[in-house]
Amino acid sequence: FIDPGSPWQNGICESFNGRFRDEFLSCEVFHSLTEVQVLTEDWRIEYNSYRPHGSLGFLSPNAFRQQWSPTEFEQQIQLA
């Protein structure tokens with residue numbers, strides 16, 4: 001539960017918002033809403049598919065996903 005007006009209680013969301021602001025919004029000059037939508041979608045695809053993430057051992061989400069087979073995933077769930 002996050003109290004209204006207390007964004008600091010959700011560190012994951014605030015971490016993403018700061019990263020999005022620093023890596024995308026502060027680096028671009030937008031001339032139209034369509035341009036914002038297209039560039040944001042490009043950034044989202046890069047962030048979620050190709051960019052290395054520290055929480056994934058500095059692998060991209062696609063590379064991390066390729067490491068896991070369905071049987072390994074099921075084994076991890078059973079161990080938890």
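Is Arg51 buried, partly exposed or exposed? Arg51 is partly exposed, with a relative accessible area of 23%. Here buried means under 20% relative accessible area, exposed means over 50%, and partly exposed lies in between (1.4 Å probe, protein chains only).

The model is predicted: local features need pLDDT of at least 70, side-chain atom pairs count only at pLDDT 80 or more, and totals for chains, interfaces and linings use all residues. Residues are numbered from 1 along each chain as its sequence is written, and side-chain values use heavy atoms, with hydrogens and water left out.

The protein chain holds four helices and zero strands. From the N terminus, its elements run α-α-α-α. Helices (H or I, at least four residues) and strands (E, at least two) are DSSP runs, numbered from the N terminus. Of the 80 residues in the protein chain, 12% are buried. The accessible surface of the chain is about 6500 Å², and carbon and sulfur atoms supply 58% of it. Areas come from the Shrake-Rupley method with a 1.4 Å probe; for residues, only the protein chains shown count as cover. Among contacts between residues at least 6 apart in sequence, 12% join residues at least 24 apart. Contact means heavy atoms within 4.5 Å.

Two salt bridges were found in the structure. A salt bridge is a side-chain nitrogen of Lys or Arg within 4 Å of a carboxyl oxygen of Asp or Glu. One joins the side chains of Glu23 and Arg51 (3.1 Å, N to O). Glu23 lies in helix α1 (residues 11-23) and Arg51 in the loop between α2 and α3, so the pair ties together parts that are 28 residues apart in sequence. Glu23 is partly exposed, at 34% relative accessibility. Another salt bridge joins the side chains of Arg44 and Glu41 (2.5 Å, N to O). Both residues lie in helix α2, three residues apart, about one turn of the helix. Arg44 is partly exposed at 39% relative accessibility. Glu41 is partly exposed at 34%.

The loop between α2 (33-49) and α3 (61-67) also holds His53. His53 is buried, with a relative accessible area of 13%. A polar atom of the His53 side chain lies 2.8 Å from the backbone oxygen of Tyr47. Leaving aside neighbours within four places in sequence, His53 is in contact with Tyr47, Phe58, Leu59 and Pro61.

Eight aromatic pairs were found in the whole structure. Rings of Phe, Tyr and Trp (its six-membered ring) pair if their centres lie within 6.5 Å; planes under 30 degrees apart count as stacked, over 60 as edge-to-face and the rest as tilted. The rings of Phe24 and Phe30 have centres 5.6 Å apart and planes at 45°, so this pair is tilted. Phe24 is buried, with a relative accessible area of 4%, whereas Phe30 is partly exposed at 27%. Trp43 and Tyr47 form a stacked pair, 5.0 Å centre to centre with 15° between the planes. Trp43 and Tyr47 are four residues apart in helix α2, about one helical turn. Both Trp43 and Tyr47 are buried. Phe16, Phe20, Phe24, Phe30, Trp43 and Tyr47 form one aromatic cluster.

Key. Polar contact = N/O pair within 3.5 Å; in protein donor to acceptor, adjacent residues only side chain to side chain.
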